Amino acid sequence: MTLTTVPKNLETESEIIERLENSSTLLDVRGLCVDYVTEAGNIRACDDINLTLKRGEILGVAGESASGKSTLLNALGRLQRMPAATSAGEIRFHPTDGTESLDLAALTEDELRPYRWTKISVVMQSAMASLNPVIRLGEQFTDVIRTHDPRLTQEQARDQAADLLTMVGISADRLTAFPFQLSGGMQQRALIALSLACDPDLVLMDEPTTAVDVVMQRQILDQVLAAQERLGFAVVFVTHDLSLLLEISDRIAIMYGGKIVEIGTAARLHDSAKHPYTRALRRAFPPLSEPVRRLSGISGSPPDLLDLPPGCAFAPRCESAMAICHQRVPELRDVPDGRSACFLSNGELSESELTQQLPATSNPGPSSRPAEGGDHQ
């Protein structure tokens with residue numbers, strides 16, 4: 001029987017916050033840095049990433065291309081390969097069986113093997129690149145299932161595969177098909193079903209709906225939410241589409257220039273985002289379930305990670321930048337229902353210091369403080 005979704009908006013923001021506060025920690029990331037080694041020098045694609053993921057939470061990660069979001073997801077699953085390498089920090093995983101937590105970043109490949117699929121699985125954005133086109137779907141499912149639970153017979157593994165496909169709205173008859181015989185949307189749903197084959201605690205999703213049309217995107221998201229509601233796994237969902245994350249996430253982390261510049265509940269980022277970059281992203285994407293509104297792009301381009309500007313990396317594009325923004329990197333500090341790395345909201349500067357700051361004149365667009373209610377406090 002196909003799962004039906006339980007929309008996230010049935011929970012109020014306070015209910016989501018209370019649920020997360022009462023949930024135990026699944027993943028604790030501290031000081032994570034990931035570099036790409038090049039002839040021109042090391043490129044720091046993730047810089048001092050700190051975040052906590054609770055059991056059963058859906059954490060969205062958004063940002064423009066080259067913001068570091070896919071690099072972060074690959075690092076969490078230890079999927080990166082040279083020239084990418086974790087250069088600092090911890091990825092502390094807390095097993096559900098109550099055993100002592102362990103640092104995934106410090107494990108060898110052999111030590112990681114028992115945790116892949118059974119504890120952490122991944123869904124990439126291109127199903128055709130992930131599914132073997134010359135092996136039938138059923139064999140790919142049973143191979144994963146029996147590798148991690150060799151006690152199961154071939155028939156038992158196939159029955160489990162049939163249940164997984166049915167759960168995401170695909171007939172079990174399709175187990176005999178090759179991936180190329182399925183539509184793009186069916187391939188992506190099959191890949192999601194495969195990621196759940198060993199009942200993982202965490203599913204990492206890298207733009208899983210990018211290659212499908214908007215109708216299929218909605219169907220896939222509904223089934224992801226329904227499966228998550230039923231099985232209770234946590235999700236890290238990476239995408240450039242902030243509007244999509246506002247619909248499905250409990251919390252959202254916004255990345256820019258390799259750093260998290262804001263993190264908070266989806267409701268708070270929807271109503272009163274603290275960072276100018278988050279607000280700019282909101283204006284750049286059409287809302288999925290709100291009245292049509294005029295969109296506005298973000299002037300300029302993301303920074304060159306080999307040659308970051310001094311101060312805040314977003315300052316050259318920010319309409320609210322002050323002189324200090326071009327001189328000092330703001331800290332990611334606590335704000336109501338999250339954290340922000342902006343001098344206008346993170347409390348680094350006192351009110352008197354803020355009033356002394358003159359807007360920079362070199363920014364593209366009007367240099368003024370945000371006019372949106374509550375955003376500058």
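What is the mean pLDDT of the protein chain? The mean is 86, and 90% of the residues reach 70 or more; pLDDT is the predictor's confidence in each residue, from 0 to 100. You're looking at a predicted model, where local features need pLDDT of at least 70 and side-chain atom pairs count only at pLDDT 80 or more, while totals for chains, interfaces and linings use all residues. Residues are numbered from 1 along each chain as its sequence is written, and side-chain values use heavy atoms, with hydrogens and water left out.

Start by selecting residues 1–7: the pLDDT here is below 50, and beyond near neighbours in sequence the stretch has 15 contacts in the model (contact means heavy atoms within 4.5 Å). Jump to residues 364–377, also below 50 in pLDDT, with 32 contacts beyond near neighbours in sequence.

Next, pick helix 5 (residues 137–148) and helix 6 (residues 154–167), which pack at about 115 degrees with axes 9 Å apart. Helices here are DSSP runs (H or I, at least four residues) and strands are too (E, at least two), numbered from the N terminus. Helix 5 and helix 6 are therefore roughly perpendicular (angles of 65 to 115 degrees count as such). Show side chains where they meet: Phe 141 and Ile 145 are among those in helix 5, and Ala 161 and Leu 164 among those in helix 6.

Last stop: Ile 58, in strand 3 (residues 58–62). Ile 58 counts as buried, at 1% relative accessibility (buried means under 20% relative accessible area, with a 1.4 Å probe and protein chains only).

Conventions: Axes fitted to C-alpha atoms, helices over the stretch in contact; angles between N-to-C directions. Parallel < 35°, antiparallel > 145°, perpendicular 65-115°, else oblique. Buried < 20%, exposed > 50% of the residue type's maximum accessible area, 1.4 Å probe, protein only.
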